[in-house]
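Trainee: I would like to learn how to read charged pairs and a ligand site in a model like this one. Could you take me through them step by step?

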Amino acid sequence: MKFVIAPDSFKNCMTAREAAEAIRAGLATVFPEAEYVMVPMADGGEGTVQSLVDATGGSLRHADVLDPLQRSVRATYGVLGSAADAAAAASADATDTAAADPVPAHTAVIEMAAASGIQFVDESTKNPLITTTYGTGQLIRAALDDGARRIIIGIGGSATNDGGAGMAEALGVRFLDADGNPIPRGGGFLNRLVTIDTSGLDPRIAETEILIASDVTNPLVGPKGASAVFGPQKGATPDMVRRLDANLAYYAAIISDQLGLDVAHTPGAGAAGGLGAGLLAFTKSQMRSGVKIVSETVGLAAKSEGADYCFTGEGGIDFQTQYGKTPMGVAQAAHQGNPDIGVIAFAGCVGEGIDQLYGLGIDAVFGIVPGAVTLDRALADGPANLARAAENVARLIALRA
Ligand SMILES: O=C(O)[C@H](O)CO
């Protein structure tokens, strides 16, 4: 038997790697001799850096950057493993066969939230007029300093609404007012912008491929745009939403006039307060499905060749899972590598509409919580519950093996 184990993290409970270990522990009680291919996964959101570093034998790096309120913080990003690093990681853990495929050299992985996330503000400090993505640009710069010429950046979970202007400024772009002075950082001041000067943009950006893993497909502006949809959760009042939306529309018009690029309506441009738009305007980037970027980077399809079953999972699974969440992306990649593979998903919470997933590549979904318990209990027992659920599925598989 060959099993591929490719879960996402179970939020507030287990990292993707811990979830994968729990599934393996459960399966191994029934199939101790099976081949286990461990592929901790993510979809571009929280946990993406750790998952890709784990899966490729890469390393975590740290940089001192500015948080959304321009206070100094230490943020973490990742550098993916080269083939040699990956092989070394595989031999350090002989039972882990996941880290053996080469990944392109000099690839870094960044979660924008590590520098500019909503966790840096609270009820009394959240204010999307002044928050900035400057720290995200500093993280990109740190990755360039490490030699990265391919950067995977997960965007979402931000405290910001500045269209990525702060990010671009940290990379050398100047945003100037009518007197030629730099405008203040934050989405509330973009209406003062008159000139975008890209002459100081870090030249390494032109040689760097940036893959944007966006958590949403919203446009930059309008009723479905960054400010209207995500502004309120960052502290925007209705008046602030109007001001921020008008500012982003104006910013997009200046980008269009001066750089010749239309970013106002591109799907995903509104992610992370318009950071999607900023990355598209100022870097050589493309917007992709997060889970596709991750599954390609870890070579999930190739790892699924010859496997009997692929196990995936996430904290919650419901009908929304089909719209690009990890279990669906895993099912697609696994089937690409092996059309006959069985795909089984585990979830802490099974929501409505999972029947919609069955025709789409997921063969069965199992909730892991054994009975009515408090959330605290369910989280505390998560690894044990996941292992038990996996063991029971293994017993079923053994009946037919
Ligand atoms: O950061 C945000 O604005 C939301 O997560 C959508 O990307």
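**Charged pairs and the ligand site**

Mentor: Let us begin with one pair in this predicted model: R185 and E169 form a salt bridge through their side chains, with 2.9 Å from N to O.

Trainee: Are R185 and E169 buried or exposed, or something in between?

Mentor: A residue counts as buried under 20% relative accessible area and as exposed over 50%. R185, with a relative accessible area of 22%, is partly exposed, and E169, with 24%, is partly exposed as well.

Trainee: How many salt bridges does the model have by this rule?

Mentor: The count comes to 17 salt bridges. One of them joins R61 and D146, with 3.4 Å from N to O, and this pair links distant parts of the chain, since R61 lies in strand β3 (residues 59-66) and D146 in the loop between α5 (134-145) and β6 (150-155), 85 residues apart. R61 is partly exposed at 30% relative accessible area, and D146 is also partly exposed, at 35%.

Trainee: Which residue forms a salt bridge with D202, and where do the two partners lie?

Mentor: The partner is R141, and the closest N and O atoms are 3.8 Å apart. D202 is in the loop between β8 (195-197) and β9 (209-214), whereas R141 is in helix α5, so this pair ties together parts that are 61 residues apart in sequence. D202 is buried, with a relative accessible area of 6%, while R141 is partly exposed, with 31%. The pair also belongs to a network, in which salt bridges that share partners join R141, D145, D202 and R204.

Trainee: Now for the ligand: which residues are around it?

Mentor: The residues around the ligand are G156, G157, S158, D215, V216, F230, K234, A271, A272 and G273. Sorted by class, this shell has four nonpolar, four polar and two charged residues.

Key. Residues are numbered from 1 along each chain as its sequence is written. This is a predicted model: local features need pLDDT of at least 70, side-chain atom pairs count only at pLDDT 80 or more; totals for chains, interfaces and linings use all residues. Side-chain values use heavy atoms; hydrogens and water are left out. A salt bridge is a side-chain nitrogen of Lys or Arg within 4 Å of a carboxyl oxygen of Asp or Glu. Helices (H or I, at least four residues) and strands (E, at least two) are DSSP runs, numbered from the N terminus. Buried means under 20% relative accessible area, exposed over 50%, partly exposed in between (1.4 Å probe, protein chains only). A residue is near a molecule or strand if one of its heavy atoms lies within 4 Å of it. Ala, Val, Leu, Ile, Met, Phe, Trp, Tyr, Cys and Pro count as nonpolar, Asp, Glu, Lys and Arg as charged, and the others, Gly among them, as polar.
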